[in-house]
Structure formats: C-alpha cells, structure tokens
Amino acid sequence: MGETIDCSVLIPVYNEERYIEQTVAAMRAQRYAGTVEFVFADGGSTDRTREILDRLAGEDPRIVVVDNPGRSVSSGLNVALRVARGRWIVRMDAHTVYPTDYIARGVERLARGDTRWVSGPPVPRGHNPVSRAVALALSTPFGRGGSRKWARDGEHQAPEVELDSGVFGGVWARSTLLEFGGWDERWPRNSDSEMAARFLARDERLVCVPGMAAEYTPRDSLGGLWRQYIGYGDYRVRTSRRHPHSLRRSHLLPAVVAANAAVAVAGPRRLRRLARAGAAAHAVALVALGIRALPQADPRSDALLVPVVLGAMHYGFGYGALSAMAGDGVPLAAIARIAGLVRLADGLTSAPDATFAPSLG
C-alpha cells in the first residue's frame with residue numbers, strides 16, 4: 001500500500017511556463033503537520049509547463065502530474081480530485097500566492113465543525129499598469145460588486161464571514177466534494193460559484209477566514225480583462241437560471257449599464273437622451289473613483305486607468321449577461337426572488353439538472 005496522504009492540493013494549469021516554478025516553490029513552502037500531495041492537472045499546455053512539472057515531479061514525490069483532456073478549470077479539478085488520496089482537499093491556482101499556513105488554517109477550521117467549506121479572501125496584486133489598476137478598482141464597491149469575499153490589507157485579523165455564492169477557492173473534506181458531485185464541467189467559468197450554490201441550496205455555511213487571504217495576479221491586459229468579465233457575466237446568468245437563490249441585485253446592475261449604453265447609441269430618439277445622461281453619469285462616477293484611487297496608486301499614473309478597467313469590468317460583465325439572457329432566456333425565477341416575489345419565484349423554479357462531471361469518473 002502507498003503512503004497515507006492527509007491533504008491533496010488540486011491545481012489546474014495551462015501554459016504557465018513563466019510562473020510554474022515559483023508557483024510550485026510557494027506551494028511546497030506550506031507549513032502543515034500532515035502529509036501533502038500536489039496534483040497538477042495539465043490542460044495540454046503548448047509551452048514548457050508540462051516539461052517543468054515532470055522534472056519537478058521527479059525531484060519531489062509529493063508532486064503528481066495528470067492530463068486534463070477537457071482543458072477547462074472545472075474538468076482539471078475533477079481529474080485531480082479523481083486521483084487525489086488525501087482526506088482533505090485544497091484548491092489552489094497557479095497565479096496565486098497563498099500564505100504558508102493556508103492548508104493548516106483551512107483544515108483546522110474544517111475540523112472544528114459547523115461548516116464544510118472554508119476559504120480565504122483574495123487580495124489582488126498587480127505587476128503592470130493594467131493589473132495594478134484592476135487591483136485598485138477591486139478596492140472599490142464598484143469593483144467588488146457587493147461580494148463579501150474580498151479583503152483589504154490589514155484585515156487579516158478580522159472575524160470570519162459567511163459567504164453567498166461569491167467564493168474564492170476553498171478547503172473541503174474529499175468525501176464532501178464527492179457527495180456534492182465535484183465541479184460541473186458545463187461551467188468553464190464560475191464553476192466554484194455554481195458549486196457553492198449547490199452547497200447553499202442544502203443550507204450549508206460557507207466560511208471565509210481573513211487570515212487565509214491569498215494574493216493573486218489580476219489580468220494584465222484590457223483585452224484579457226474584457227474577455228474575463230464577459231465570461232463572468234455569461235456564467236453568472238447561467239448559474240442564476242439553475243440556482244435562482246444565487247443571484248444578487250448587484251449582479252444585474254452591469255446588465256442595466258450595458259443595456260442603457262445600447263439604448264444611448266441606437267434606441268428610440270426620446271429614450272436616447274435619457275440613456276445618454278445615464279451613461280454620462282456612470283462615466284463621471286468611474287472618473288471620480290479614479291481620482292479617489294490616486295493616494296493608493298503607485299505610481300500615481302495607474303489611477304488614470306482605474307475608470308478604464310472599471311468600464312471594461314462593468315460593460316464586459318453586462319454584455320456577457322445580456323448575451324446569456326438572449327441565448328438561454330432571462331432568469332425569471334432569480335429576478336422574482338430578488339424582487340421579494342417568493343411564491344412566484346418558487347413557481348418558476350425547476351429542479352436543477354444533475355451535476356455533469358465526466359472527468360470525475
């Protein structure tokens with residue numbers, strides 16, 4: 001029989017040549033009293049990622065490398081979960097730096113009971129003007145969108161909070177993830193939120209521990225940020241159609257902003273003037289947030305990009321949401337629930353499909 005493993009860390013990767021060695025070094029620095037394995041699921045990288053991982057696996061038996069034919073994050077997590085041997089499961093990402101006691105804190109909190117999902121907040125750390133501007137934007141309510149998962153510097157000792165479906169990774173018992181069916185592979189984005197919605201539907205508590213805050217690198221180009229938020233908007237609507245309780249009012253605001261912009265450009269003449277006034281007010285608010293970010297910006301020129309990245313985030317999410325509504329339908333049950341029409345929402349809600357996780361076997 002093989003060595004008993006206490007904790008398995010799941011890491012989906014794809015073309016991470018620039019960062020993978022630093023990523024592995026940081027993960028191996030985890031201070032945890034039990035035995036750990038690191039399961040990397042490679043989605044067919046076309047750079048040297050796989051070569052580097054295979055070499056590192058030859059140097060450290062704790063590193064396991066598996067193929068992820070599905071190539072998405074959700075399929076990679078399921079592939080890694082299938083081969084994981086640990087009692088505890090931790091999800092980690094290749095572009096995130098975790099505190100050295102992340103595993104220890106998460107497992108200790110799980111072992112105390114009263115929750116089956118423990119996570120830490122993300123702290124954005126930029127490395128070029130765009131990613132630094134995104135980090136500044138995410139320090140504002142307009143960037144966070146009402147989510148409680150975010151943390152600011154100096155909040156590590158704050159009390160833990162309970163989350164809705166807005167989550168950032170997590171720590172679980174392996175048996176819990178298998179009970180809930182793993183990650184749904186129809187969700188290449190927002191898969192953690194979709195799974196969180198399934199937990200919440202069964203009255204589970206999702207606990208965020210500020211001391212587990214991890215630093216991640218935001219998108220470093222406006223095009224990448226735009227595509228990221230289009231995907232967020234698209235799959236947030238899909239999630240709310242499947243799980244109406246997962247939608248917040250703040251999720252609908254970007255769709256309103258995007259629809260207003262469309263009316264301002266091509267709507268009926270009488271509505272165009274009103275829509276243009278709304279778009280101008282939104283633009284003024286973004287500029288004001290850029291000015292407010294000046295004291296935190298280093299260099300200060302980064303603050304000039306804050307209105308631009310906030311615009312990309314809002315309009316990207318909004319157009320992604322509108323596209324999903326046009327293609328798959330408006331999440332009427334979720335909107336009715338937000339409006340307080342619980343009976344109508346219940347009547348419009350159908351049983352969700354079974355979780356689709358073929359990579360989990």
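**Exercise 1.** State the class of accessibility to which arginine 125 belongs, and identify the salt bridge that its side chain forms with glutamate 215.

*Solution.* Arginine 125 has a relative accessible area of 34% and is therefore partly exposed. The scale, computed with a 1.4 Å probe on protein chains only, calls a residue buried under 20%, exposed over 50% and partly exposed in between. The model is a predicted one: local features need pLDDT of at least 70, side-chain atom pairs count only at pLDDT 80 or more, and totals for chains, interfaces and linings use all residues. Residues are numbered from 1 along each chain as its sequence is written, and side-chain values use heavy atoms, without hydrogens and water.

The side chain of arginine 125 meets that of glutamate 215 in a salt bridge, with N to O at 3.4 Å. Arginine 125 lies in the loop between strand S7 (122-124) and H5, and glutamate 215 in strand S11 (residues 214-216), so the pair joins parts 90 residues apart in sequence. A salt bridge requires a side-chain nitrogen of Lys or Arg within 4 Å of a carboxyl oxygen of Asp or Glu. Helices (H or I, at least four residues) and strands (E, at least two) are DSSP runs numbered from the N terminus. Glutamate 215, at 36% relative accessible area, is partly exposed.

**Exercise 2.** Describe how helices H5 and H12 meet.

*Solution.* First, the geometry. The axes of H5 (residues 129-137) and H12 (residues 306-328) come within 9 Å and cross at roughly 75°. The two helices are therefore roughly perpendicular to each other, a term for angles of 65 to 115 degrees.

Second, the residues. On the H5 side, Val130, Ala133, Val134, Leu136 and Ala137 meet Val306, Val309, Leu310 and Met313 of H12. The residues of this contact comprise 9 nonpolar, no polar and no charged. Contact means heavy atoms within 4.5 Å.

**Exercise 3.** How many salt bridges are counted, and what links glutamate 160 to arginine 109?

*Solution.* The count comes to 32 salt bridges. One of these joins the side chains of glutamate 160 and arginine 109, with N to O at 2.9 Å. Glutamate 160 lies in the loop between helix H6 (141-144) and strand S8 (161-162), and arginine 109 in helix H4 (residues 102-111), 51 residues apart. Glutamate 160 is partly exposed at 32% relative accessibility, while arginine 109 is buried at 3%.

**Exercise 4.** Which residues is alanine 354 in contact with, leaving aside its neighbours within four places in sequence?

*Solution.* The residues are Asp184, Arg186 and Arg242. Asp184, Arg186 and Arg242 are also among the members of a network of salt bridges that includes Glu194, Arg198 and Asp353. Alanine 354 lies in the segment after helix H14 (342-348) and is exposed, at 65% relative accessible area.

**Exercise 5.** How many disulfides are counted?

*Solution.* The count is 0 disulfides. Cysteine 7 is in none, the nearest cysteine sulfur being that of cysteine 208, 18 Å away; a disulfide needs a pair of cysteine sulfur atoms within 2.5 Å. Cysteine 7 is buried at 0% relative accessibility, and cysteine 208 is buried at 2%.

Conventions
Axes fitted to C-alpha atoms, helices over the stretch in contact; angles between N-to-C directions. Parallel < 35°, antiparallel > 145°, perpendicular 65-115°, else oblique. Nonpolar A, V, L, I, M, F, W, Y, C, P; charged D, E, K, R; others polar.
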